[in-house]
Amino acid sequence: MKRGTIKLCSAVLSAICLLGVGQTASAATKQVIKEDDYNKGVTATVNYVKGYGISTWKNVDETPTRHYLPTGTQWIVNHVSMLTDNSFWYLVGNNEWASAKYYDLNHEYNNQKMNAVITIKNTNTFRKGVPIFSDTTSYNQTGFVKFNNDYQVFSRQLVNGKNWYNVGQNQWIEGQYADIKSEVSREDKVYPDNLPDVNQKNYNFYQNKIKNRQL
């Protein structure tokens with residue numbers, strides 16, 4: 001694992017915080033304003049740079065445990081806490097908490113800004129390359145991205161638990177066909193008031209094209 005670097009927090013926090021691989025500043029000066037078990041028992045999948053993991057914390061607002069949860073591993077959510085900065089934290093182990101920004105839940109909907117680079121995987125699913133879509137719900141295909149190439153990511157979305165990466169204006173790639181190669185930053189998730197509806201008809205048409213090797 002890469003070692004974290006020491007950075008000075010803002011005057012509001014007035015503290016020195018440790019930033020490491022897949023971890024955010026300690027929430028020591030933030031307060032828990034809401035706790036619930038709405039997502040209790042839900043599976044959370046770690047989403048971060050391939051080959052690395054995210055840090056866990058003690059009781060949300062204490063020091064890092066120095067334990068990392070590897071990217072791609074799945075954990076059961078035992079408890080959820082919301083802090084005064086509107087960030088969410090999940091209890092996923094023996095009193096170990098991690099930021100929800102690095103987890104993907106089944107049936108989750110959200111938007112999240114991020115600065116990262118992804119590598120397109122060659123899964124032998126497509127013939128020409130991985131399809132690009134104009135949005136994440138209508139499956140309006142506008143082109144392809146080449147296998148094994150790297151692309152800048154500006155944001156991501158989860159639509160009913162399905163991960164999407166935005167690589168340009170109105171250009172979205174389904175996340176299962178890419179790995180995060182490097183990451184500079186990602187913000188907390190923004191949860192929509194009105195959940196988008198996935199166009200099931202277009203989705204089935206898209207899946208049939210894959211099945212019949214038409215893409």
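1. Let's start with Glu183, which counts as buried at 17% relative accessibility (buried means under 20% relative accessible area, exposed over 50%, and partly exposed in between, with a 1.4 Å probe and protein chains only). Its partner in a salt bridge is Arg186, and the closest N and O atoms of the two are 2.8 Å apart. Arg186 is buried as well, with a relative accessible area of 6%. A salt bridge here is a side-chain nitrogen of Lys or Arg within 4 Å of a carboxyl oxygen of Asp or Glu.

2. A word on what you are looking at: this is a predicted model, where local features need pLDDT of at least 70 and side-chain atom pairs count only at pLDDT 80 or more, while totals for chains, interfaces and linings use all residues. Residues are numbered from 1 along each chain as its sequence is written, and side-chain values use heavy atoms, with hydrogens and water left out.

3. How many salt bridges does this rule give? The count comes to 8. Lys50, Lys121 and Asp179 are linked in a network of such bridges.

4. Now look at Glu108 and Lys189, a salt bridge whose closest N and O atoms are 3.1 Å apart. Glu108 lies in the loop between β11 and β12 (110–120) and Lys189 in the loop between β18 and α1, so this pair ties together parts that are 81 residues apart in sequence. Helices (H or I, at least four residues) and strands (E, at least two) are DSSP runs, numbered from the N terminus. Glu108 is buried, at a relative accessible area of 6%, and Lys189 is buried too, at 8% relative accessibility.

5. Next comes Asp188, which forms a salt bridge with Lys101; their closest N and O atoms are 3.8 Å apart. This pair also links distant parts of the chain, 87 residues apart: Asp188 is in the loop between β18 (178–186) and α1 (200–211), and Lys101 is in the loop between β10 (96–99) and β11. Are the two residues buried or exposed? Asp188 is partly exposed, with a relative accessible area of 28%, whereas Lys101 is buried, at 10%.

6. Finally, find the open sheet of 3 strands, in the order β7-β4-β11 with antiparallel pairing. Its edge strands, each pairing on one side only, are β7 (74–76) and β11 (103–105). Two strands pair if DSSP finds at least two bridges between them; strand β4 (residues 43–46) is joined to β7 by 3 bridges. Within these strands, Thr45 stands opposite Gln74 in β7.
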